[in-house]
Amino acid sequence: RRGQEALSLILNQVRSPYIGLLGTGMGALHAEVSLLRQDRINSLFVITGGAGFAEIFVKTDESIYRDLLEQRTAGGRQTAEQVVKGIDQHLNFEPERFPEAVTGRDFGMSISLKDSCIPTANQQKLKEAWKPARTLTYASSHAMTIFKTWLFDRGKILAFFENGEKARKIS
């Protein structure tokens, strides 16, 4: 919530009527929430983003979330499925639940086919829910997909945002 409040303060200072946002990895999840909550964002491109946040938090190999899962499941307190359900019932900003969020906006994504940080299945869920206009795919790990996207496709991402701005006839 605090992050969205901070973003609102920043967006209120932006004079351009066109705002594009880019998110990578866990930052992509924050960017997806921003698209849901911030009407001023016109375009979003995520690199290894996903849907099914609770499931991502339980399945990721990110140590902070792994440690939390271990605490919750230690001694049979809860199963991983119970943890997912418990987290999910408190999330009111899950991209899958809001396919209309991208209506009238540009959405693109880069997908990692061998990802254990933002599991590939969750990246595919986002693709199915939000139907990106532009998809880049790499048969690489999480980190390598981010690296390759920037190395090989930064021009495509820039064009994605520039074309979104031109389509809205904003200068």
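Me: Which residues does L126 touch, not counting residues up to four places away in sequence?
Reply: In this predicted model, local features need pLDDT of at least 70 and side-chain atom pairs count only at pLDDT 80 or more, while totals for chains, interfaces and linings use all residues. Residues are numbered from 1 along each chain as its sequence is written, and side-chain values use heavy atoms, with hydrogens and water left out. Taking contact as heavy atoms within 4.5 Å, L126 touches E32, V46, G49, G50, A51, P95, F107, M109 and K131.

Me: How many residues does the largest nonpolar core have?
Reply: A nonpolar core is a set of buried (under 20% relative accessible area, 1.4 Å probe, protein chains only) Ala, Val, Leu, Ile, Met, Phe, Trp, Tyr and Cys residues joined through side-chain atoms within 4.5 Å. L44, V46, F107, L126 and W130 have the most contacts inside the largest one, whose residues number 18.

Me: Which strand is joined to strand 3 by 5 bridges through the partners F45 and G108?
Reply: Strands are DSSP runs of E, at least two residues long, and helices are runs of H or I of at least four, both numbered from the N terminus; two strands pair if DSSP finds at least two bridges between them. F45 has G108 in strand 3 as its bridge partner, and the strand that runs parallel to strand 3 here, covering residues 43-47, is strand 2.

Me: How many residues of strand 3 are buried?
Reply: Strand 3 spans residues 106-112 and is mostly covered. Of its 7 residues, the number buried is 6.

Key
Buried < 20%, exposed > 50% of the residue type's maximum accessible area, 1.4 Å probe, protein only.
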